[in-house]
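Dear colleague,

Please find the structure below, handed over for your own reading.

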Amino acid sequence: MARKWWIGAGVLAVVAALAAVGITVISGDDPAGPGPEVEAYLRAWERFDAAAMARLADDPPELAPAVTAMKDDLRVTKARIVAGVQERDGDTARAPFTAELDLAGLGTWSYQGQVDLARVDGRWRVRWTPAALHPALAPGKTFAVTRAWPERAPILGADGSPLVANDDVIAVGLQPGRIQDQAHVEATFARVLGVPAARVQAALAQPWVRPDFFVPITDLRPDRFEPLRAELEPVPGVFFQRSRSRLVGSDGLAVQVLGTVGEVTAERLEELGVPYMVGDRVGLSGVEGARERQLAGTPSGEVQLRDVGGREVQSLHRFPGSAAQPVRLTMDGVVQAAADRALEGVTQPAALVAVDAATGDIRAVVSRPLNEEFNRALAGQYPPGSTFKIVTSAGLLSAGLRPDETVPCPAQAAVGGRRFVNFEGGELGPVPFSTAFAQSCNTAFVSLSTRLSDSALAAAAAQFGFGPSYDLGLPVAGGRFPVPGDAT
């Protein structure tokens, strides 16, 4: 018995010595220390599971409002909390952590804090205060974020002048909490502004909308707004904000190429990802959509601590954002305006592309009708018809056919078991090849098919730009001419 007592005393002496020099001691009956409780608490916090966090706390406080407010006020989309090395002093412990919170529309905010614990009735419990979420958080304090995009950069023409730029506009919108008769609002917007009721309903149904928020519906140039103001202003819930918005040089100017800007759609939001969020205005089509990130830059923002009155107490983190950069096109504003005038009033499908022959630069693009987004000038695909005789002629001349060589131009010709005729059944008889070309004689070219190999015809097409993919930064359909599979 004396020997066993002596060994125990020796162990106690060693433990006392270790404690004296500040080394954490974990007793034999608690080898893990508070580690499991800390891990469970941090995992619950990552899920913002306030109930699970409360179960791990000493004398469970009402922490749900603070936890929920943190997630909502900061717009946290994902949380990662990593525990540091725990420090223990008897029945109390400290567990440092590093929190990484992904904030919607801004990015990741990283900070360090600590969780205090105490052993109560043999079990470790979190001594919860708001400071367990962030060292600066205290009763009566809340988080808030600010966020602002830089002004969208212009789209410039070949000479550097703006084709699309920002200008003063009047945003006509609604404050949901002030609307007394939504049906009357919808009817007024339809009659005065031409805005359908469905568009008003969709805007008010956005998940970010709050009763005291301003919900923009449409933008008007100041000169157009003034005559309509008297009809809009008396309607309860209708409000106006002067702002800056995207305006093209003139209505309808290369709209399918330059594109449009509007509130981000669900599909566009999924495509763009971080740092975009519901309610943002983005490029939806054309150059505005294709070069969205360059034209938009990235938003700046700040994480703030505020008091009960909503006043900023402390800035906790800043997101610097990045400036928007202009996009310069080869399009010429003067040429584009002339091209638009050339197809003014055309309602049936039509297209015009003006190309600088010396450089290959596109100077103007027009697609009609205006009320469709499809850019037929760049993305439309059509059979070339008789214009392809230019390619065939180049191939035949390269193969040795002379312009003055006599070729047949009968009323009909058969190749590969198929019969071909001329327009309106005409015929020229034997004529120089140059005449057959000038008169676009189908049967002459059909009869000459044996003079040109399949690969030679494909090679001639390649010389005229058929085959390669064109990268214009917009959806574009290049010409295609595969190697023929047979004589027909």
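Glu292 is located in helix α11 (residues 292-296); helices here are DSSP runs of H or I with at least four residues, strands are E runs of at least two, and both are numbered from the N terminus. The model is a predicted one, in which local features need pLDDT of at least 70 and side-chain atom pairs count only at pLDDT 80 or more, while totals for chains, interfaces and linings use all residues. Residues are numbered from 1 along each chain as its sequence is written, and side-chain values use heavy atoms, with hydrogens and water left out.

With a relative accessible area of 1%, Glu292 is buried (buried means under 20%, exposed over 50% and partly exposed in between, with a 1.4 Å probe and protein chains only). Its side chain makes a polar contact of 2.7 Å with the side chain of Arg152, and another, also given as 2.7 Å, with that of Tyr276. A polar contact is a pair of N or O atoms within 3.5 Å; within protein, one must be able to donate a hydrogen and the other to accept it, and residues adjacent in sequence count only if both atoms are side-chain atoms. Beyond four places in sequence, the residues in contact with Glu292 (heavy atoms within 4.5 Å) include Arg268, Leu272 and Val287.

Turning to the sheet, three strands form an open arrangement in the order β6-β13-β14, with antiparallel pairing; two strands pair if DSSP finds at least two bridges between them. Strands β6 (142-148) and β14 (312-319) stand at the edges with a single partner strand each, so one side of each has no neighbour in the sheet. Six bridges join β13 (residues 300-306) to β14, and Val303 has His317 in β14 as its bridge partner.

Helix α4 (residues 64-74) lies across β6 and β13, at about 10° to β6. Such angles run from 0 to 180 degrees between N-to-C directions, with axes fitted to C-alpha atoms, for helices over the stretch in contact. Val67, Met70 and Leu74 are buried in α4. Seen down the axis of α4, its buried residues fall within an arc of 65° (taken from the directions from the helix axis to the C-beta atoms), so they line one face of the helix. Just after α4, Arg75 has a positive phi of about 55°.

Leu74 is also among the residues that touch the most other members of the largest nonpolar core, which has 42 residues. Such a core is a set of buried Ala, Val, Leu, Ile, Met, Phe, Trp, Tyr and Cys residues joined through side-chain atoms within 4.5 Å.

Yours sincerely
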